[in-house]
Amino acid sequence: MLRQVFTRPEKVVVFRRQLLLEIESLGIDSLGIIAIISIFMGMVITIQTASNIDSVWIPKYTVGFTTRQSVILEFSPTIIALILAGKVGSNIASEIGTMRVTEQIDALKIMGINPAGYLILPKITAGVIINPFLIIISMFLGVGAGYAICALTGLVPIGDYIYGIQLDFRSFDVAYALIKTVIFAFLITSVSAYHGYHTSGGALEVGRSSTRAVVYSSITILIFNYIITQLLLI
Amino acid sequence: MIEVRNIHKSFGDKEVLHDISMVLEKGKANLIIGASGSGKTTLVKCMVGLHEASQGEILYNDRSFTQMKDRDRTQIRKEIGFLFQASALFDSMTVEENVMFPLTMFTDQSKEERLERANFCLERVGLQNANKLFPSELSGGMKKRVGIARAIALKPSYLFCDEPNSGLDPLTSILIDNLIKEITEEFGITTVVITHDMNSVLEIGDKVFFLWQGQNWWQGSRQDILQTDNKELIDFVYASEFMKMIRKKGQ
Ligand SMILES: Nc1ncnc2c1ncn2[C@@H]1O[C@H](COP(=O)(O)OP(=O)(O)OP(=O)(O)O)[C@@H](O)[C@H]1O
Ligand SMILES: [Mg+2]
């Protein structure tokens, strides 16, 4: 199926239009949920780190440092990817699955269009393009929310938090996170599209495919997260 | 011209089509009739490759479709118009976008030209003022007609209609029958129509194939039907009181 997905699009104009639509529906429409989750998780990570490091020997700026590292390395790329697997994955699988069971995919095929390429390639491309932006936004919001908590509650002196988030900053960590993001975006869109495309039956099966899409894309994300981390960070 | 040679088709161990052969001629309306579940839709889907036949061969103008590479099949498909039994309209697109879709994909026409052609086709199927509606906002009969408009948008060389007038009122039904007959003759299309409607059979059936239990049980012209002594066909055709009356009159 992958080979069919990556054949040259029938018409570039049509592909571009599809791509923009998908960027909107898969990317822009997820901004709200990503913002909410990132802000709350950023706050909680800061509070928990601060309350767990209750020792005079450990400097306060560790809280800022830890928040930054957790958000950039794991929280934003991996946890947000899992959330997107739920939102975007079920959306893709049910959309394509419905088209399958109502014969719309057959209708494309009979017109001489390659349905896999026409339907799936714009989704994969959109995910791979837009997700890095979503994740960068999530990183800023997460670290920013920690800052806000410090400013509001005085849990950690603002100066220390700022010092912590700048300490020992390696741009490679961001690169690592973005590499993960791109791979996860590919996994979410392709695994979900696969399950939608291979639906057969009726509405009931569309629901099942959609569940399967979420479960399998989440599991592959976790497995690849482990593999990439092993390869890149050690 | 489409030729079907000894087609068999099974789903699992259930044989749906058994040794079907037929010749579907160009410029003629070829009708496939038969009871519900007799395999009509399956046969037509085998002809266009939506189902792979378990055995047998399909030829388009003497070229074997069954043995063709995907790329060549795609070429033939671009000349096919297909109306699905359940219409299969794209539900993310409006009526006019649905009809324009094949033109968008396969021609370099400007938006105005495509729109004009779409409007022309929609008019031919008697559907005005529905351009901006989505399929979910249409009645079953309206969907059928949009499906037909989409199927003829690209001026196909082969037209397949799976029950084009089921769910239509008698008047619209006749409109559709006439449309099919007209374009078939005018453009020399090889037209294959699945129908239950005896009206259509007598109206446009240049050639009629009667499927019975997955076999090509009887074939002939619409005149032949009125004189047939094939028991299964008689049971099928003269099921209604109305048709029985016609038969009596005829005799
Ligand atoms: N995808 C499929 N899987 C299994 N069995 C199928 C499938 N499609 C059709 N069948 C079986 O094949 C037989 C013929 O179905 P088909 O849809 O061709 O009938 P039909 O003549 O078009 O009927 P109708 O007039 O009701 O549309 C039926 O018994 C059906 O159960
Ligand atoms: Mg049928």
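Modeller: Let's start with A:E205, which counts as partly exposed because its relative accessibility is 26%; buried means under 20% relative accessible area, exposed over 50% and partly exposed in between, using a 1.4 Å probe and protein chains only. Bear in mind that this is a predicted model, where local features need pLDDT of at least 70 and side-chain atom pairs count only at pLDDT 80 or more, while totals for chains, interfaces and linings use all residues. Residues are numbered from 1 along each chain as its sequence is written, chains are lettered from A and ligands numbered from 1 in the order in which they are written, and side-chain values use heavy atoms, leaving out hydrogens and water.

Biologist: Which residue forms a salt bridge with A:E205?

Modeller: A salt bridge here is a side-chain nitrogen of Lys or Arg within 4 Å of a carboxyl oxygen of Asp or Glu. With the closest N and O atoms 4.0 Å apart, the partner is A:R208.

Biologist: Is A:R208 buried, exposed or partly exposed?

Modeller: The relative accessibility of A:R208 is 47%. That value makes A:R208 count as partly exposed.

Biologist: What does the salt bridge of B:K45 with A:E103 join?

Modeller: The closest N and O atoms of B:K45 and A:E103 are 2.5 Å apart. B:K45 lies in helix α1 (residues 40-48) of chain B and A:E103 in the loop between α4 (61-101) and α5 (104-110) of chain A, so the pair joins two chains.

Biologist: How many residues apart are B:R73 and B:E52?

Modeller: Their side chains meet in a salt bridge at 3.0 Å, N to O. B:R73 is in helix α2 (residues 70-77) of chain B, whereas B:E52 is in the loop between α1 and β4 (55-60) of that chain, so the pair links distant parts of the chain, with a separation of 21 residues.

Biologist: Is B:R73 buried or exposed?

Modeller: The relative accessible area of B:R73 is 6%. That makes B:R73 buried.

Biologist: At what angle do α2 and α6 of chain A pack?

Modeller: Helix α2 covers residues 12-27 and α6 residues 115-153, with their axes 8 Å apart. Axes are lines fitted to C-alpha atoms, for helices over the stretch in contact, and angles run from 0 to 180 degrees between N-to-C directions. The angle between these two helices is about 50°.

Conventions. Helices (H or I, at least four residues) and strands (E, at least two) are DSSP runs, numbered from the N terminus.
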